[in-house]
Amino acid sequence: MNAPVTPPRPVALGQSHVSAGNALELRGITKMFGALAAISDVTLSVRPGERRAVLGSNGAGKTTLFNCITGDFLPTAGLIRFFGEDVTTFPPHERIRRGLRRTYQISSLFAGLSVIDNVYLACRGVSRNRFSLIRPRRDDALVHAAETLVEAVHLTDEKDRLVGELAYGQQRQLEIALALSGAPRFILFDEPAAGLSPTERRDLVSILTTLPGHIGYIIIEHDMDVALRVVESVTMMHNGRIFKEGRPEEIEDDPEVQELYLGGGHE
Amino acid sequence: MAMTDHAPRFVNRADQKLWFERIPAPWWALAVVLLFLPVVANSFWLFQVMGWTFILGMIGLSLMFLAGYGGMVSLLQMTVAGMAGYMVAILGNSGTVTVSLGLSWWIVLPAAFLIAALFATVSGALAVRTEGIYTIMITLAIAAAFFYFTRQNYTIFNGYSGFNLVLPPQLFGVNWREPVPFYYLSLALAALSYGTVVYVSRSPFGLALQGVRDNPRRMAALGFNVTAHRVAAYALASVFASAGGILLVWQNAQIAPGTIGMSAAIDVLVVAVVGGMRRPLGPFIGAFIYVILQVFSPDILGFFGFSAERFKLIIGLGFLAVVLFSPDGVLGLWDRWRARRRQQQDQLSGGGAA
C-alpha cells in the first residue's frame, strides 16, 4: 500500500530540520493516466549537492517523474519531500519558491519577450514584489542578477533580442539560465543536450560541472558522454519502474543495462 | 575638483538620454496637434468625434491590456465600463430621482471605480480558469447576463429606460460637458491611461503578464502564481474601462441597457482588433477609424441611396479585411510598411558600398 497523499503543511522555511537529511525524497510515487501506469512505486532519495542521472528508454517515465516532482502532475500515490518538507500536493510555484528548478526537454520560454526579460522574470518569480507596478531601476539588484546569468550562459550579445528569434542552441542555453535564477537548491534537467552541436555540448558540460557544489541536480540525458561525465550516481528506469542504481562506471559496465538501454551497439 | 566632479556626469548624460529625449518626434507632433485642436476644430469634432474616440479608445485599451499582454480576450470590458457608468448615475444625481441617491462626487467617483473593479475581479476570477474561445464565451455570457439584468431590474438599474440627465460635477466652476472642457478632460484621461499601460508593461507585473501570455506553465515553474496574475490584470484593466465608462455617461448625459448591449461589447473588440492589440496605441487608432466611419458613413451612404443603418456593413467589411490581411491591425500594417522601407534603404546603401 502506498502512502496516501497528505494535505500541505504550513511553511517552515528557515528552520533547521527543513534542510537536514535528503534534498529530495520520493516514496512510492505512482502516476496513472487512466489505466496506464506511467510510473509505479518509484522510491528515490538524493542528498543535498548530489548529482544524479536518470536513464532509460523513451517511455520509461523519466519526464513524468519530473512532472510529479515539480507539481505539474499530482502523483496518484506516494510522497514527495523537498529538503524534509512534504510538498506532495504543493502547486508548482510553491515548490519553485523553495529552491526547486527545472528545464524542459522542449525549450519552454517566453517567445514574445527579450532574453534579458526572460531571465529577469525568472529572477523575479522567486523573489518578492511579483505584482509590483513600479518599473525596476537600471541598478536594481534583480536586473543585475539577470545580467550576470545571461553572461554565465554566454548570451550577453543577444540580451535585447526577442527569444523567438534566437537560434535553437541559444534557446537551450537560455533554458538553463532560467533554471539557475534565484537561489536554486536542486535542479531537474530534462535532456539539456538534445539537439546541441558538439561544441555546444562541451559548453553544457562545463556549465554543469562548474555549478556551485551545494546545488544538486537530476539530469535526464540520452547522450551518455554528457550524462555520465556530470553525475556521481545513476538511476536506471524501465517501464515506469526503477530497476538499477549505481555509480556511472558500474552502470556502464552492467550487462543488463547494456542490453536494455544501450542496445549492445553503443560504442 | 569641480571639473573632475562634473566630467563623469557630463559623459553620463550623453550616454543616457533623459526621459523626454527618448520620445520620438512624431509623438511631440501628435501632442501639439491634440493640445491645440480646440483652436481650429468646431465643437462637433471636439465633443462627438474626438471625445468619443478617447472614450472608446480607453475601453479598447482595457481589452488590449488583457488580450495583448495577458492573452485573454475578454468581451466584458464594455460591461465593466457600463458598471462604472451606472454607478455614477445610481449613486450620484440623475433625472430619475426615485432611484439615484444624489451623493457628492467625491464619494460617487471612487465608489464607481471600486465597484467596477470588484465586478471585474470576480468576473475575471471566473474567466481565467478557461483559455481561448472559452474565455470569450464566459465573458460574453457575463456581459449578456448583466445586460438583461439591467433591462429587467427597476429597483436599482431603472430597467429599460435607464438614467438620463447624468451630468458631470461642476468642479472648479467649469461645465465639463461643454465641448472644450470635455475634450481636454477626455484627452487627459486617455493620455493618462495610455501612459499607465506603457509604463506598467515594463514593470514586474506587466512583464509577468506577458510571460503568462507566452507560456503560463513555465511561469508557474518560475514561481509565479499564474491565476493570481490573470485576475489582477482584470482588476487593473477595469480602471481604464471605468474611466471610459464614466466619461461615456457624462458625454451622453444618460445610460441605459442599450449602452452595454451585445453590439457595444463587440464594438470594443472590433476597435481593438482594427487598431492592433499588440501596442496600447492600437485601440485609439481603431477607435478613431470606427468613430469616423460611424459619423460620416451615413452621409456617404445616403449619397449613394443606401440607408444610414448600413454603416455597420462598412465597419464589418473593414474588420474582415483587417483580420484577413493584417491580424495585428492597422498598426501592424504600419510596422510592416516601415520595416520594408528600412530594408529597401539598407539594400540601397549596402549596394552603394559594395
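A:Leu188 stands opposite A:Ile218, a residue of strand β8(A). In this predicted model, local features need pLDDT of at least 70 and side-chain atom pairs count only at pLDDT 80 or more, whereas totals for chains, interfaces and linings use all residues. Residues are numbered from 1 along each chain as its sequence is written, and chains are lettered from A and ligands numbered from 1 in the order in which they are written. Strand β7 (residues 186-190) and strand β8 (residues 216-220) of chain A pair in the parallel sense over 5 bridges; pairing requires that DSSP find at least two bridges between two strands. Helices (H or I, at least four residues) and strands (E, at least two) are DSSP runs, numbered from the N terminus.

In chain A, an open sheet with mixed pairing is formed by 6 strands in the order β6-β7-β8-β3-β9-β10. Its edges are β6 (100-102) and β10 (241-246) of chain A, each of which pairs on one side only. From one strand to the next, the twist averages 20 degrees. Helix α1 (residues 62-70) of chain A packs on the sheet, where α1 touches β3 (51-55), β6, β7, β8 and β9 (233-238) of chain A. The direction of α1 makes about 150 degrees with that of β7(A); axes are lines fitted to C-alpha atoms, for helices over the stretch in contact, and angles run from 0 to 180 degrees between N-to-C directions.

The contact between chains takes 28 residues from chain A and 22 residues from chain B, two residues being in contact if their C-beta atoms, placed from the backbone, lie within 7 Å. On the side of chain A that touches chain B, α2 (92-97) and α3 (115-125) of chain A each supply at least two residues. The largest share of that side, 6 residues, comes from α3(A).
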